[in-house]
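Subject: Structure for your review

Dear colleague,

Please find below the structure that I am handing over to you. I would be grateful if you could read the notes under it with the structure open beside them.

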Amino acid sequence: MPGHEFQPGKLVAGATLVAAAVLFLGDSGGAWETPWFVLFPVVGGGLCLAGSVALVTGRIRRRRRSARTAASGDAPPPGRPASG
């Protein structure tokens, strides 16, 4: 499949920033009242969640890659270490 690999951590980070933008867009449009300090827990919590998701995704991919390499008996592709 051409393109790039799916990265869930970046998806979570992007969704968090879009949610923060929607909160403040609604506030500026007069649809609702959003206190200024809401930005910190929304963005901070979302970015911490995105980092956790990226960490878990990376570990899963490394484990699958090493299991595939061990099962096939081949050397890892050039530029990639044998173990993480």
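The notes below begin with the chain as a whole and then turn to particular residues.

Please bear in mind throughout that this is a predicted model.

The overall chain

The protein chain contains two helices and zero strands. Of its 84 residues, 13% are buried. The accessible surface amounts to about 6600 Å², and carbon and sulfur atoms account for 67% of that surface. When contacts between residues at least 6 apart in sequence are considered, 50% of them join residues at least 24 apart.

Is Thr16 buried or exposed? Thr16 has a relative accessible area of 11%, and because the cut-off for a buried residue is under 20%, Thr16 counts as buried. Beyond its neighbours within four places in sequence, Thr16 is in contact with Val42, Val43, Gly46 and Leu47.

Val22 also belongs to helix α1. With a relative accessible area of 45%, Val22 is partly exposed. Together with Val18 and Trp32, Val22 makes a nonpolar surface patch of about 280 Å².

The salt bridge

How many salt bridges does the count come to? The count comes to one. In this salt bridge the side chain of Arg61 meets that of Glu5, with 3.5 Å from N to O. Arg61 is found in helix α2 and Glu5 in the segment before α1, so the pair ties together parts of the chain that are 56 residues apart in sequence. Both partners are partly exposed: Arg61 has a relative accessibility of 27%, and Glu5 has one of 49%.

The largest pocket

The elements that give two or more residues to the lining are α1 and α2, the latter covering residues 39-72. Helix α2 provides the largest share of the lining, with four residues.

Yours sincerely,

A colleague

Notes: Residues are numbered from 1 along each chain as its sequence is written. This is a predicted model: local features need pLDDT of at least 70, side-chain atom pairs count only at pLDDT 80 or more; totals for chains, interfaces and linings use all residues. Side-chain values use heavy atoms; hydrogens and water are left out. Buried means under 20% relative accessible area, exposed over 50%, partly exposed in between (1.4 Å probe, protein chains only). Contact means heavy atoms within 4.5 Å. Patches are made of residues with over 30% relative accessible area and no salt bridge: like charges are joined within 9 Å, nonpolar side chains (Val, Leu, Ile, Met, Phe, Trp, Tyr) within 5 Å. Accessible areas come from the Shrake-Rupley method with a 1.4 Å probe; for residues, only the protein chains shown count as cover. A salt bridge is a side-chain nitrogen of Lys or Arg within 4 Å of a carboxyl oxygen of Asp or Glu.
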